[in-house]
Amino acid sequence: MTEVRPGTAASAFLWERDEEITTVQHAVDALCADRSSSGGLLVFRGEAGLGKTALLAETRHIAEQRGCTVWSARGGETLRSVPFNVVRQLLQPALISLMPEEAREYLGDWYDIAGPALGIAEPGYRQADPQGVCDGLVAAVRRLAGREWPLVLLIDDAHWADEETLRWLAAFTERLDDLSVLVVVTRRPKERDGDGARILDTAVAAAGVSDLNALTPEATTGLTRATLGPHADAPFCREVWAVTGGNPYETVELLAKVRDSELEPVEARAGELRALNRSARGGGLVARLEELGIDATRFAWAAAILGTDITVDLVARLATMGHGDAARCARLLCDARILTEPDPATARGRDGELEFVHPLIATAVYNSIPDALRTAMHGIAAQVVTDSGLGAAAASRHLLQVHPDDDEELVGQLRQAAREHLAVGASDAARRCLERALLEPPAPEVHARVLYELGCATFLTAPATTIEHLQRALSMPGLDSGTRVDAVWRLSQALLHNNQLEEAVRTVEAEAARHEPGPTRLRLQAVQYMWEGLHAGEAGSADRSERLAALAAGCTGRDNAERALLILRGFDAMTRGESAEEVVELCDRALVNGRLAPGLGWTDTEWGIELLLMLTAAYAYSDRLDRAESLCNEAVRAYETAGWSGGHLALAHAYVGLGHRRRGRLREAETALRESVRLAERVGRGLPLYWTATCNLVDTLLARGHVQEAWEAAERYGFVPPYPSTIIIPDPRSVRGRLLLALGRTKEGVNELEAAEKAAAARGHHNPVTVPWTADLARALATEDPARAGRLAADVRRQAERFGTDTAIGEALRCAAALETGQRAVRLASQAVTYLEASPCQYEHAAARVEFGIAVRSAAELRRGLALADSCGADSLAARARHVLDSEHGLR
């Protein structure tokens, strides 16, 4: 049985907690052993009143005895709608203790991203990316942990934490292996449902959960005698256990009432225990509260409405009573063990603040408020919070509880609160505010605007929800022309990301038809062509390309609509295998002094990321890797600086990986692409960005010769048909066909490459570099159908010469050489080396060198090829060169 430290209230809750306390001691010892020790996560789960909070208090005591820094926070039942509430409790005390310049120094680049969410910095001017803010909070704790080691984080009642905190916790606990921090969490089972429950389960999945049990009869007897004296007889002690069910909180409260009432702890008085226990909870607690008088009841109700930051002054204003009366009520409620001053050791409360003795009491008091009065008090609380200068966002949790009543002012307050929430990355909180505003409902002239704002609020997190709101907004009057065009643009983007590309095209096309010729119509036409250009299933592509070419022919790049059309024309020409020189010339005209024009930057929202990725791909596959790499690196910097670490950053890393792959830096490509997949998985599988990351990763692993790894990645990440409706570069059918061939599954590989042939023909995509099915299929058919293989090799050479890059022509010559023998094969291999030596694509150059060295039996050429292969990270190619060098005789 756990020994009790006499005189401490928490100690009574620690009976029969030896095993849990030992677990804590071992975890703290492991944390303190070395700065390089990995972090830990402990989760204690139990029903209300089983002593979770007391166990955290004991954890604090153990940790502080060993010299640890301890930060703590607690979720609140009525505070789940307050974004970042719990993580702010954890971090604010440490950050506020720093000078502003110190806080900025410790948080570094994350200060402007995480600072607003933590309430220590003003938000920026644009909507913050929720995932970026989450990553910023993770980085904030990581940096502070290095300063505060050894650090212990305590989170009580995590089942009531806000979703923003839970997302941070899930991301943070994933990375504890390389961070010396101990996280201890308490939660109730089955208290949370929906997304909150899923996120919380994810956050604590890696922990060994300890389930807390009720006290045994023996422990209850020991606790009773420790509290009331050894003269408490056995029948009385057994009745204490029977009445409380061994619940530590109820046992402690009941024994306190026995002591206060001077009830003799003997069998003859045991029958009075049930009545005393009823007064400690539920209706009995409410009756006891009413006995303290109407003023004390009003004070307790107001405190329950506030839930946090409970001060006598604030409660007095909410309960409409004088300060003196309020102070008297506070003392009464503290004496009655309903309210208490926070434990200074927890650092949760500021001077003059109060909190409820236990969450069970807070819940009982809150639920005891008559429904109509509770709603009215929330309305008054919202005004009190607003008048205190805390802003609409702080008042919004109260506004959400007010009954709809056609209140235009309330709609305005909720819209302002949503804007404040979005500025700090709390899109779910913004969504709740705007959904509540719709229930008011808004006046007809602003209804569409609220729907538009709601669509914008969910844009980064829920494309399907965005679609619904924006379609409703566009069906109603009330949007001015500029807002309507923006709504159409955002709707089309959401449809794209929801894999509804055909509808995205129709939506923009219909809106363009509503406008007279001019800049707005030109912008919409450009967006239409952009979505059509990304649509893998579009028919009539030749006509579309002709129309796009005609529209772009008159563009000089004088504004961003014209620049967008030039980029789209360049991308289209690249995918169709037209002259690479013309592709580069079109793309260069879309730049201003070699840089992206203002308004066309990576974080500008008017045009979106897709256009710039098309520009990057056009340069990358036209052998202008300098421009492509500059754009990719600029994208990563822009998104990391802005804290956009969701889909945008995932795509930026994918294209960095593409740049490395094209350059022949295969190790670096693999690293960038694995990071892209990691980021893309957080956004969601099956989306175009996920396909881009996984397709390029599989392609890079194949280039490295890691065939089994490529197959495992394809299986793990779902790189299998059906393919998305958007174009993925390189072509996923071609990449999967190459993978199947490498695995020896020739028939399946040929089928996949023939499917790639049909899809490319339907789209008019004849660039043998972006859709490389032809060369692979020719090699696969070399033995079985040499005539067809020869025709395919001739086709790929003709397409390559039309496109005109050294890489395309060199690769076509490599394919032709593989199908020949004797001096013709040698001559073609030599020509391939010549072209690829001039190409920026070093992997292909290395492969050509090795193949030429084998063809002419030249040790010098093989060594040159081996050196290139090693520098690229092309392990299989290097192994092939070594094998020939080591085993072949007669090399020159």
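Here are a few exercises on this predicted model, each with a worked solution.

**Exercise 1: Get an overview**

Work out how many helices and strands the chain has, what it spans, and what share of its residues is buried.

*Solution.* Start with the elements: there are 44 helices and 8 strands in the chain. Next, look at the extent. The C-alpha trace spans about 110 × 70 × 50 Å along its principal axes. Now turn to burial: of the 892 residues, 57% are buried. Finally, check the charges. You'll find 98 positive and 125 negative side chains, with the centres of the two sets 5 Å apart.

**Exercise 2: Explore around Asn-560**

Decide whether Asn-560 is buried or exposed, then list what its side chain contacts.

*Solution.* Begin by placing the residue: Asn-560 belongs to helix 28 (residues 560–575). Its relative accessible area is 13%. The cut-off for buried is under 20%, so Asn-560 counts as buried. Now for the polar partners. The Asn-560 side chain makes a polar contact with the side chain of Arg-563 at 2.7 Å. A polar atom of that Asn-560 side chain also lies 3.0 Å from the backbone oxygen of Pro-598. To finish, leave out residues up to four places away in sequence, and you get this set of touching residues: Ala-597, Pro-598, Gly-599, Leu-600 and Trp-607.

**Exercise 3: Look into helix 38**

Explain why helix 38 (residues 773–780) is described as largely enclosed, and name the helices its buried residues pack against.

*Solution.* Count first: 6 of its 8 residues are buried, so helix 38 is largely enclosed by the rest of the structure. Then name them: Trp-773, Thr-774, Ala-775, Asp-776, Leu-777 and Ala-778 are the buried ones. Last, look for their neighbours. These buried residues of helix 38 pack against helix 36 (732–742), helix 37 (746–763), helix 39 (786–803) and helix 40 (806–818).

Conventions: Residues numbered from 1 in each chain as written. Predicted model: local features only at pLDDT ≥ 70, side-chain atom pairs only at ≥ 80, totals over all residues. Heavy atoms only, no water. Helix = DSSP H or I, 4+ residues; strand = E, 2+ residues; numbered from the N terminus. Buried < 20%, exposed > 50% of the residue type's maximum accessible area, 1.4 Å probe, protein only. Lys, Arg positive; Asp, Glu negative; His and termini not counted. Charge placed at Lys NZ, Arg CZ, Asp CG, Glu CD. Polar contact = N/O pair within 3.5 Å; in protein donor to acceptor, adjacent residues only side chain to side chain. Contact = heavy atoms within 4.5 Å.
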